[in-house]
Amino acid sequence: MKGLMSYSGLTTKIRAMQSRLLKDENFREIVELPNVPAAVTYLKQQPSYAPILNTAGDAELHRGDIEKVLRQSVYHDFAKLYSFANLKQRQFLSMYFMRYEIYFLKVCLTNIFDHRNVPLDLSAFEAFFTKHSRLNFQLLTASRTPEEFRANLKGSIYYEPLAAIEAMDHPTLFDYEMTLDLFYFQLLWKKREKIVGKGETKGLTRILGSKFDMLNIQWIYRCKRYYHMDSAAIYALLIPANYHISQNQIRDMVEADDLNALEALIGQTYYAKHFENFTEDTLEPMYAEILKHILSSESRQDPYSVTTVYSYLYHKEHEVDRLIIALECVRYQVSPEEAMNHVACR
């Protein structure tokens, strides 16, 4: 009853927003359109995207900034949920918001490492970040070197993790991005019991634990197959969390003699045993499929909990990622069948 009372308004809002999520037939109709302007016109007829797209200028929509505009719809939905949330629910949403800050930081870092001389224009996000973030938006977007970027983060929660990179020889964009991701994942796992209400920890632990397990499997496989990294380097990239994958299983996979041995070990994991087609060749699409299954299952079992909030935001972000792929397929005249394969794999 406590969950019902505290989540009734927020859950009602989420159900209304869920009804506006796109279906597979919408994506099929999009990839069959002749060009991007036609696809934008189509999206303007969808309730969840009409407000954002109708306020954006035509020039902005046609010069490749459509991804930035679409991501505004995610932030717009987050702001709606935040306004409906109580103080305890806002603790979770504030922690969840860090993923948007990290996305923004990665965009800034990409601009720096690509040596772009043109100032980074993220003004479309400024109002949202000004309201929900303590980062200095103007200084960070104006940063021109990694050192200046780190200095402009001083006083924020991200400064210490990134300052540790100074000890590395010639750190890359990958080093910065992995450091930010690992810092966030560790913090989220460590504080999961404090940021949700009593009785909600189990569902959040299942979601995060499964997510981190599968990411660790993916990273181990990529590191060994594509980058031939040694064990010490792989361990440094892993999330220090164990759910259905034990520390012994992690050790065995990291130190596997070859890919054949690693593939056999992946086949012995909880996920390979409980989800059909979970193999080394399907790690990424199965990660998305399994996580969506767990989120949907948890939100159905306990609709008046933080898992419903997490589930909606994940599905919305996933939808925008699929839309961006669909629009790129339209832009480059990819056949509808092939385009749908790309969209389905995301």
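**Close-up views of helix packing and a pocket**

**View 1. Helix H6 passes helix H7 in a left-handed crossing.** The model shown here and in the other views is predicted. Two packed helices are described by the angle between their axes and the distance between the axes. For H6 and H7 the angle is about 165°, and the axes lie 10 Å apart. Angles over 145 degrees count as roughly antiparallel, so H6 is roughly antiparallel to H7.

**View 2. Residues of H6 meet residues of H7.** On the H6 side the contact consists of Glu67, Arg71, Val74, Tyr75, Phe78, Leu81, Tyr82, Ser83 and Phe84. On the H7 side stand Gln89, Arg90, Leu93, Ser94, Tyr96, Phe97, Tyr100 and Tyr103. By residue class, this contact of H6 with H7 has 11 nonpolar, 3 polar and 3 charged members.

**View 3. The second largest pocket holds about 430 Å³ of space.** The pocket is lined by 17 residues, and those closest to its centre are Ser94, Glu101, His132, Ser133 and Arg134. H7 supplies the largest share of the lining, with 6 residues. In the lining of the second largest pocket, 9 residues are nonpolar, 5 are polar and 3 are charged.

**View 4. Helix H2 (residues 24-31) crosses helix H3 (residues 36-44) at roughly 150°.** The axes of H2 and H3 come within 9 Å of each other. The two helices are therefore roughly antiparallel. H2 contributes Asn26, Glu29 and Ile30 to the contact, while H3 contributes Ala39, Tyr42 and Leu43. Sorted by class, the residues where H2 touches H3 are 4 nonpolar, 1 polar and 1 charged.

Technical notes:
Residues are numbered from 1 along each chain as its sequence is written. This is a predicted model: local features need pLDDT of at least 70, side-chain atom pairs count only at pLDDT 80 or more; totals for chains, interfaces and linings use all residues. Side-chain values use heavy atoms; hydrogens and water are left out. Axes are lines fitted to C-alpha atoms, for helices over the stretch in contact, and angles run from 0 to 180 degrees between N-to-C directions. Helices (H or I, at least four residues) and strands (E, at least two) are DSSP runs, numbered from the N terminus. Angles under 35 degrees count as roughly parallel, over 145 as roughly antiparallel, 65 to 115 as roughly perpendicular and the rest as oblique. Contact means heavy atoms within 4.5 Å. Ala, Val, Leu, Ile, Met, Phe, Trp, Tyr, Cys and Pro count as nonpolar, Asp, Glu, Lys and Arg as charged, and the others, Gly among them, as polar. On a 1 Å grid over the protein atoms alone, a cavity is a set of points where a 1.4 Å probe fits but cannot get out, and a pocket is an open set with protein on both sides within 12 Å along at least five of seven lines; lining residues have an atom within 4 Å of a point. Grid points are joined across faces, edges and corners, and a volume is the space filled by probe spheres set on the points. A crossing is left-handed if the near helix is turned anticlockwise from the far one by less than a right angle, and right-handed if clockwise.
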